[in-house]
Amino acid sequence: MAALLMVLRQRKERIFRGMVSHLNNLTDNEMKIRYRFGRDSIVYICNIVGDKLRRSTAKETALTVEQQVCIALRFYASGSFLQVIGDTMGYDKATVSRAVNDVTNALLDVKDNFIQWPKDINSKNRMKCGFQRPMNFPNVLGCIDCTHIKIQGPSEDEAAFVNRKEFHSVNVQAVCDYESTYLIC
C-alpha cells in the first residue's frame with residue numbers, strides 16, 4: 001500500500017530555466033505584439049520598478065526584474081490565464097502569479113508620479129484652453145472613457161463580474177487631457 005502511495009505522490013521533476021533575456025531575443029515588432037510595449041518602454045518600466053522587484057538572493061534561479069516585468073506585461077497584454085502565460089514563457093503558474101502581483105504592486109507604488117489631476121488654477125485654465133481652442137468645447141478638464149477587460153471568472157461572487165455581453169470582465173475607466181491620444185487596446 002505504501003508503495004502505491006509513493007507512486008501516486010511522485011513529484012513533478014523541477015526544471016530550471018536559464019536566464020532568458022526577453023528584450024534581446026525579440027524584434028521591436030515582436031515585443032509590441034507580445035507585450036504591447038517596445039524595448040525602450042520596457043527598459044524604462046524596469047528602471048522605475050527595479051528597486052521594488054530586485055530579489056535579495058544569490059540564487060541563480062531567482063527571476064530578474066526584466067523577467068518579472070515581461071511576465072506581467074504579457075499577462076496584461078494577452079488577457080490570458082496564468083497557466084497559459086506560464087506555459088508559453090516557460091514558468092510555473094505560481095511564479096507567474098507572484099510576478100504579476102509584485103509588478104502590479106510596484107507600479108501602483110509609483111502611479112502618483114505619472115497620474116495627476118491638475119491642482120492649481122493655472123493648470124486647470126491651461127487644460128480648459130486646450131479643449132476650447134481646437135474643439136470649441138468650453139470648461140472641459142478631461143475626457144473619460146471605459147472599457148471591459150476580460151478576466152477569468154472569480155470563485156467568489158462570480159455573477160458580479162459577468163457583463164451585459166455575458167463574459168467575465170472588470171470595467172476600466174480612464175481620463176485623458178487634451179494632449180493625449182486615445183488608444184484602443
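Reader: Why are helix H3 and helix H4 called roughly perpendicular to each other?

Author: In this predicted model, helix H3 (residues 39-53) and helix H4 (residues 65-78) pack at an angle of about 115 degrees, and their axes lie 9 Å apart. Angles of 65 to 115 degrees count as roughly perpendicular, and H3 and H4 are therefore described in that way. As for the sense of the crossing, H3 passes H4 in a right-handed manner.

Reader: What makes the contact of H3 with H4, and how do its residues divide into nonpolar, polar and charged?

Author: From H3 the contact draws on Ile 42, Ile 45, Cys 46, Val 49, Gly 50 and Leu 53, while H4 contributes Val 65, Glu 66, Gln 68, Val 69, Cys 70 and Leu 73. Nine of these contact residues are nonpolar, two are polar and one is charged. Gly counts as polar and Glu as charged under the classification used here.

Reader: What makes the phi of Asn 136 worth noting, and is Asn 136 buried or exposed?

Author: Most residues other than glycine have a negative phi. Asn 136, by contrast, has a positive phi, near 55 degrees, and is not a glycine. Asn 136 belongs to the loop between H7 and strand E1 (143-150), and because its relative accessibility is 58%, against a cut-off of over 50%, Asn 136 counts as exposed.

Reader: Which value of phi does Glu 166 have, and why does Glu 166 count as exposed?

Author: Glu 166 is not a glycine either, yet its phi is positive, at about 65 degrees. Glu 166 sits in the loop between E1 and strand E2 (169-176), and its relative accessibility of 70% is over the 50% cut-off, so Glu 166 counts as exposed.

Reader: Which residues does the "domain: DDE Tnp4" annotation cover, and how much of that span is helix or strand?

Author: According to the unreviewed UniProt entry, the annotation covers residues 144-179. That span is 0% helix and 42% strand, and its end C-alpha atoms lie 14 Å apart. For the protein as a whole, there are seven helices and two strands, which run α-α-α-α-α-α-α-β-β from the N terminus on.

Terms used
Residues are numbered from 1 along each chain as its sequence is written. This is a predicted model: local features need pLDDT of at least 70, side-chain atom pairs count only at pLDDT 80 or more; totals for chains, interfaces and linings use all residues. Side-chain values use heavy atoms; hydrogens and water are left out. Axes are lines fitted to C-alpha atoms, for helices over the stretch in contact, and angles run from 0 to 180 degrees between N-to-C directions. Helices (H or I, at least four residues) and strands (E, at least two) are DSSP runs, numbered from the N terminus. Angles under 35 degrees count as roughly parallel, over 145 as roughly antiparallel, 65 to 115 as roughly perpendicular and the rest as oblique. A crossing is left-handed if the near helix is turned anticlockwise from the far one by less than a right angle, and right-handed if clockwise. Contact means heavy atoms within 4.5 Å. UniProt positions are given in the numbering used here, feature names are shortened, and annotations may be inferred rather than shown by experiment. Buried means under 20% relative accessible area, exposed over 50%, partly exposed in between (1.4 Å probe, protein chains only).
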